[in-house]
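Work through these exercises with the model open. Each task is followed by a stepwise solution.

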Amino acid sequence: MPAQTRLFMCLKDNFGVLLHDPGSGRTAAIDAPEAAPVEAALEATGWKLSDILVTHHHGDHTGGIEELKRRYRCRVLAPEGEAGGIPAVDETMREGDTVRVGAIEGRVIVTPGHTAAPATLYFPADKLVFAGDTLFSIGCGRVIEGTMEQMWQSMLKLRALPDDTMVHCGHEYTLANIRFAKTIEPDNKALAAREREVTALLAAGKPTAPARLGDEKAANPFLRADVPEVAKAVGMAGAPAAEVFAEIRTRKNKF
Ligand SMILES: [Zn+2]
């Protein structure tokens with residue numbers, strides 16, 4: 001049976017999401033920014049929390065873990081390289097590990113850059129990826145603990161996934177990301193199409209996640225640093241892609 005998801009807002013602009021296996025009844029929260037919205041989503045769906053899959057150690061992704069674990073006695077899985085900074089961890093995840101939520105099976109992709117060793121969780125049969133703060137719709141996370149080169153390599157790992165993969169991310173930043181992306185590629189038709197879609201979603205009070213990865217590949221400048229026109233647009237024709245990526249990320253920091 002295909003996985004079911006439930007998306008909701010937490011804190012100021014964090015996405016919370018539940019991943020549910022209808023066969024076994026197991027339900028995972030992908031990150032736990034705070035407990036109350038996760039509990040409200042569980043109540044609305046009637047699902048029972050069995051697991052918390054943590055993408056990275058930042059407090060706005062882990063703040064609800066202890067309270068939820070006390071209440072539901074759920075299993076907490078965290079990336080091995082960041083487990084020391086995450087509360088109440090039961091099991092750790094490494095690159096290539098298989099993660100199971102009942103019959104739903106995912107693969108761990110470690111994507112350093114935003115933090116040292118975050119876990120991006122890819123569920124191929126369900127065509128879902130949970131990218132935390134590594135990849136946003138039309139954006140990417142700030143490069144805080146890793147290097148620009150590592151973050152670019154992480155972008156390439158995610159770009160290698162199939163176009164019909166739906167990308168869940170950690171924050172509702174899409175409209176601001178689009179405003180920035182237009183400064184890099186003002187004539188990108190896929191970007192214009194995503195802007196129309198996002199404007200309509202937000203006007204209807206709906207979230208802009210998940211995003212289709214194929215659309216992101218066509219419109220997200222951070223996935224396009226090796227496209228010659230993008231390098232040219234930032235005055236770096238012929239430069240290595242990681243340097244073009246670093247330039248775009250640096251411009252976004254100042255935007
Ligand atoms: Zn973060």
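## Exercise 1: Strands and sheet

Task: In which sense do strand 13 and strand 14 pair, and over how many bridges?

Solution. This is a predicted model.
- Start at strand 13, residues 166–168. Its pairing with strand 14 is antiparallel and spans 2 bridges.
- Pick out Val167: its bridge partner in strand 14 is Ala211.
- Now widen the view. An open sheet of 6 strands runs in the order 7-8-9-10-13-14, with mixed pairing.

## Exercise 2: Two helices

Task: How do helix 4 and helix 9 lie relative to each other, and why?

Solution. 
- Locate helix 4 at residues 148–159 and helix 9 at residues 241–254.
- Their axes come within 9 Å and cross at roughly 100°.
- Angles of 65 to 115 degrees count as roughly perpendicular, so helix 4 and helix 9 are roughly perpendicular.
- List the contact. Helix 4 supplies Met148, Glu149, Met151, Trp152 and Met155. Helix 9 supplies Ala241, Ala242, Phe245, Ala246 and Arg249.
- Sort by class: this contact has 8 nonpolar residues, 2 charged residues and no polar ones.

## Exercise 3: The nonpolar core

Task: Which residues touch the most other members of the largest nonpolar core?

Solution. 
- The largest nonpolar core has 73 residues.
- Ala29, Ile52, Leu68, Leu121 and Phe245 touch the most other members.
- Phe245 also belongs to the helix 9 side of the contact with helix 4.
- Take Ile52. Leaving out residues up to four places away in sequence, Ile52 touches Ala28, Ala29, Ala32, Ile65, Leu68, Cys74 and Val76.

Conventions. Residues numbered from 1 in each chain as written. Predicted model: local features only at pLDDT ≥ 70, side-chain atom pairs only at ≥ 80, totals over all residues. Core = buried A, V, L, I, M, F, W, Y, C linked by C-beta atoms within 7 Å. Buried ≥ 20, exposed ≤ 12 C-beta atoms within 10 Å, placed from the backbone. Contact = placed C-beta atoms within 7 Å. Axes fitted to C-alpha atoms, helices over the stretch in contact; angles between N-to-C directions. Helix = DSSP H or I, 4+ residues; strand = E, 2+ residues; numbered from the N terminus. Parallel < 35°, antiparallel > 145°, perpendicular 65-115°, else oblique. Nonpolar A, V, L, I, M, F, W, Y, C, P; charged D, E, K, R; others polar. Pairing = 2+ DSSP bridges.
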